[in-house]
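Please open the structure in your viewer and keep the selection tool at hand. The tour goes from one selection to the next and says what is there.

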Amino acid sequence: MSREQGSDAYPMIRIPPGKVALRDDRKKTSWTAEVEPFLLAAVPVTRELYVSVPPHSGGLGTASRVPVTEVSWQEAVAFCNQLSRYEGLEECYAVSEDGETVHWNMDADGYRLPTEAEWQYACQAGAGGYRYGGLEEIAWYRENSGGYAHEAGAKRPNAWGLYDMLGNVWEWCWDQYDEQEYGSYRIFRGGSWAEEARGCGATCRRRSHPTFRIEDLGFRLARSL
């Protein structure tokens, strides 16, 4: 994969077009999604990046290359817009005053969250499979993390040069989980430092309310081409 410059010290990988097979184990359904070419960050958003963009100049402790966590879906969306403005790009999201309604302008060139299909396709590097390597080599999870998140990019990447797609921190995606049953709940993917081995896989899906924050949940940036 070709590497393209994103924000300072935050490279993005050009992901080619393709198809990905998705499934919902709860409903016992499966479907195939088309994925257009897009850019995806090589690592999750780090504390270092997060605090470098106004107004996030404090409140998170020491800036570091550890993925930022305890960020809600709504806050991740807001950060995408803030970084877009900071770099002179068009914002992807129009957000209502109460933060509960978010419209995605798909023609905008700014930063955004990946869709669930984009995330899984990029994680599997177009090849399918539950993991892209041995878990010890590619992921921080419950058995090897020591109980905390680690610096992004320390484990082996997948075939497309993406690090920490599994383990270290869960990552918010754009999509709603099941609007009829769960309302506004959004999907997150990938497993984390606190997760058991079985939860660190490309097809593992979790969901929560868009205001939910927890110590092992972060996000990764995408851009449309």
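The stops below cover a sheet, a strand with its partners, the cores and a loop residue.

This is a predicted model, in which local features need pLDDT of at least 70, side-chain atom pairs count only at pLDDT 80 or more, and totals for chains, interfaces and linings use all residues. Residues are numbered from 1 along each chain as its sequence is written, and side-chain values use heavy atoms, with hydrogens and water left out.

**Stop 1**

Helices (H or I, at least four residues) and strands (E, at least two) are DSSP runs, numbered from the N terminus. Two strands pair if DSSP finds at least two bridges between them.

Now select residues 170–176, strand 9, and residues 186–189, strand 10; they run antiparallel and are joined by 3 bridges. Glu171 has Arg189 in strand 10 as its bridge partner.

**Stop 2: strand 5 and its partners**

Strand 5 pairs with strand 2 in the antiparallel sense over 4 bridges. Here Ile13 is opposite Leu40. Strand 5 also runs antiparallel to strand 13 (residues 222–224), with 3 bridges between them, and in strand 13 Ala222 is the bridge partner of Leu40.

Which way do the side chains of strand 5 point? Phe38 and Leu40 point one way, Leu39 and Ala41 the other, and all are buried (under 20% relative accessible area; exposed is over 50%, partly exposed in between, with a 1.4 Å probe and protein chains only).

**Stop 3: two cores**

A nonpolar core is a set of buried Ala, Val, Leu, Ile, Met, Phe, Trp, Tyr and Cys residues joined through side-chain atoms within 4.5 Å. The largest has 34 residues, and those with the most contacts inside it are Val45, Phe79, Tyr93, Leu113, Trp172, Phe219 and Leu221. Helix 2 gives the largest share of this core, 6 residues. Next select Phe38, Trp119, Tyr132 and Leu166, which are among the 28 residues of a second, separate core.

**Stop 4: Gly126**

Gly126 is in the loop between helix 3 (116–124) and helix 4 (135–138). Is Gly126 buried or partly exposed? Gly126 counts as partly exposed because its relative accessibility is 48%. Leaving out residues up to four places away in sequence, Gly126 touches Tyr121 and Trp160 (contact means heavy atoms within 4.5 Å). Gly126 and Trp160 are 34 residues apart along the chain, and their C-alpha atoms are separated by 9.0 Å.
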